[in-house]
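Please look over the model below before reading on. The report then takes its side-chain contacts and backbone features in turn.

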Amino acid sequence: MKTWHRYTLLLSLLLLGALIWGGVVAASPEDQTPTLITPQYATADAVIADYIVTDAPYNADKTGTQDATSAIQGAIDDCAAAGGGTVWLPAGKYKVTGSINVKSFVTLRGDWQDPDVGTSYGTIIMANVPSSAELLPALFDIGGSAGVMGLTVYYPEQDIDDVKPYPFTFYTNGQGDRYMLASVQNCTVINGYRGIGACCTGTAAHEMFTIDNVKGTFLMNAAEVYNQADVGTWKNLYINNKYWANAGAGLAAAPRSKIDAYTRANATALKLGDLEWTEFANIEIEDYKIGIQIVDGKRIQFAGSIYGATVTDCDYALKVDNIDSRWGMVVANSELTGSIASIQNNAGGVVKLAGVTLTGNTSGSGQILVSDETDLSAYTVDYDRTYIKPAAHLYVADLTNDGSADVSAG
């Protein structure tokens with residue numbers, strides 16, 4: 001919304017700033033215009049940025065030398081104040097020294113190179129945050145209808161010979177307008193400690209959390225999530241120590257044998273609490289003490305499904321400590337390998353298997369129901385399938401949004 005009154009006020013403020021600061025006036029966030037971006041790495045969509053953190057007035061340093069935390073937060077704050085949109089971080093290294101609040105209706109997006117394709121990575125977050133055994137504050141605290149997309153995160157102070165705890169890399173708390181539709185997409189975590197978290201503290205719930213195409217090495221948990229009401233979607237999740245062992249772009253790699261030894265002794269890849277009808281698909285986990293653990297919920301118990309999981313080189317591939325006894329859970333078209341147990345069901349509910357290959361013993365007091373007659377070979381899922389990429393054309397309409405004027409023509 002722009003009116004003559006608004007322009008007059010803006011001009012007055014600019015003149016006042018010029019007088020105070022000797023004529024040095026930064027561009028106003030009001031002047032930001034949506035821009036078509038040409039990323040360094042291919043995307044499935046045409047990228048439109050509303051705010052660019054390396055542009056004025058934010059001027060974030062993308063060499064990793066100067067602290068970029070306030071610049072990134074400032075762009076997010078301005079984007080949120082304008083009603084939401086996309087904040088773009090061009091390829092480069094950004095030093096972050098504190099928690100970033102990704103406010104509701106804002107997407108923080110970088111230029112992402114798939115680490116299984118190359119190790120230049122694109123947009124790298126250098127997480128120079130304090131080590132702490134506390135769960136919070138997260139590196140990225142994500143609001144409702146908000147997301148983090150296209151970032152590679154690296155912790156410069158992490159050392160496999162002296163492992164340091166860190167709070168979550170990505171987190172949503174479900175409070176107020178942060179309740180629904182947080183997302184993490186196309187992100188890499190090189191040497192994380194705690195990865196993705198939701199509602200681990202407090203009593204708030206969240207809904208429809210979306211995780212898609214996240215890859216990384218995690219020394220404690222790739223994810224720990226609780227108290228989700230209605231369907232969350234987690235797909236294309238690759239939890240593997242190779243991402244730190246093969247680190248590039250000047251990031252310090254660690255020996256694969258040492259990482260494997262640590263995670264096999266200490267780490268659980270997915271720690272899942274009370275999730276209602278959450279769907280997991282195309283999940284790969286390797287070299288953890290526990291691959292997937294279903295634990296006590298805060299409000300109810302787990303009632304989700306797992307399709308297309310490959311869990312290998314773990315002590316326990318699937319360890320079920322509690323599930324909703326009314327529904328149980330289903331695992332389909334998967335491979336579960338555990339040196340102690342492929343599945344241990346300690347819960348009162350049934351774990352039903354359809355088209356699952358088990359390597360290792362099954363154990364526990366709960367029932368494991370194997371459907372030998374289920375043939376899923378006819379069903380294949382193309383997890384890379386996407387829509388046809390649109391042509392990159394951008395049209396910007398400057399419209400009043402308070403209902404005071406007819407905007408039909410615009």
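What follows is a short tour of charge pairs, rings, surface and backbone.

## Ground rules

This is a predicted model, so local features need pLDDT of at least 70 and side-chain atom pairs count only at pLDDT 80 or more, while totals for chains, interfaces and linings use all residues. Residues are numbered from 1 along each chain as its sequence is written, and side-chain values use heavy atoms, leaving out hydrogens and water.

## Salt bridges

The count comes to 17 salt bridges. The term means a side-chain nitrogen of Lys or Arg within 4 Å of a carboxyl oxygen of Asp or Glu. One of them pairs K235 with D212, with the closest N and O atoms 3.0 Å apart. K235 lies in strand β16 and D212 in strand β15 (residues 210-225), so the pair ties together parts 23 residues apart in sequence. Strands (E, at least two residues) and helices (H or I, at least four) are DSSP runs, numbered from the N terminus. D212 is buried, at 15% relative accessible area. K235 is partly exposed, at 27%. Here buried means under 20% relative accessible area, exposed over 50%, and partly exposed in between (1.4 Å probe, protein chains only).

D212 has another partner. Its side chain makes a polar contact with the side chain of N236, at 2.9 Å. Such a contact is a pair of N or O atoms within 3.5 Å; within protein, one must be able to donate a hydrogen and the other to accept it, and residues adjacent in sequence count only if both atoms are side-chain atoms. N236 lies in strand β16 (residues 233-239) and is buried, at 5%.

R264 and D315 also meet in a salt bridge (2.6 Å, N to O). This pair links distant parts of the chain: R264 in helix α4 (residues 256-266) and D315 in strand β20, 51 residues apart. R264 is partly exposed at 25% relative accessible area, and D315 is buried at 16%.

## Aromatic rings

The structure holds seven aromatic pairs. Rings of Phe, Tyr and Trp (its six-membered ring) pair if their centres lie within 6.5 Å; planes under 30 degrees apart count as stacked, over 60 as edge-to-face and the rest as tilted. F140 and F170 form a stacked pair, 5.9 Å centre to centre with 20° between the planes. F140 is in strand β10 (residues 140-142) and F170 in strand β13 (residues 168-172), so the pair ties together parts 30 residues apart in sequence. F140 is buried, at 1% relative accessible area. F170 is buried too, at 1%. Elsewhere, F209, W234 and F280 form one aromatic cluster.

Two lysines deserve a look. K215 lies over the face of Y238, 4.8 Å from the ring centre. K298 lies over the face of Y226, at 5.1 Å. The rule requires NZ of Lys or CZ of Arg within 6 Å of the ring centre and within 35 degrees of the ring normal.

## Backbone

Most residues other than glycine have a negative phi, and most peptide bonds are trans. A cis peptide bond joins A56 and P57, with omega about 5°. P57 sits in the loop between β3 (51-52) and β4 (63-67). N59 is in the loop between β3 and β4, and its phi is positive, near 55°. Another cis bond joins L136 and P137, with omega about 10°. P137 is in the loop between β9 (123-127) and β10.

D313 is not a glycine, yet has a positive phi of about 50°. It is found in strand β20 (residues 303-320) and is partly exposed, at 40% relative accessibility.
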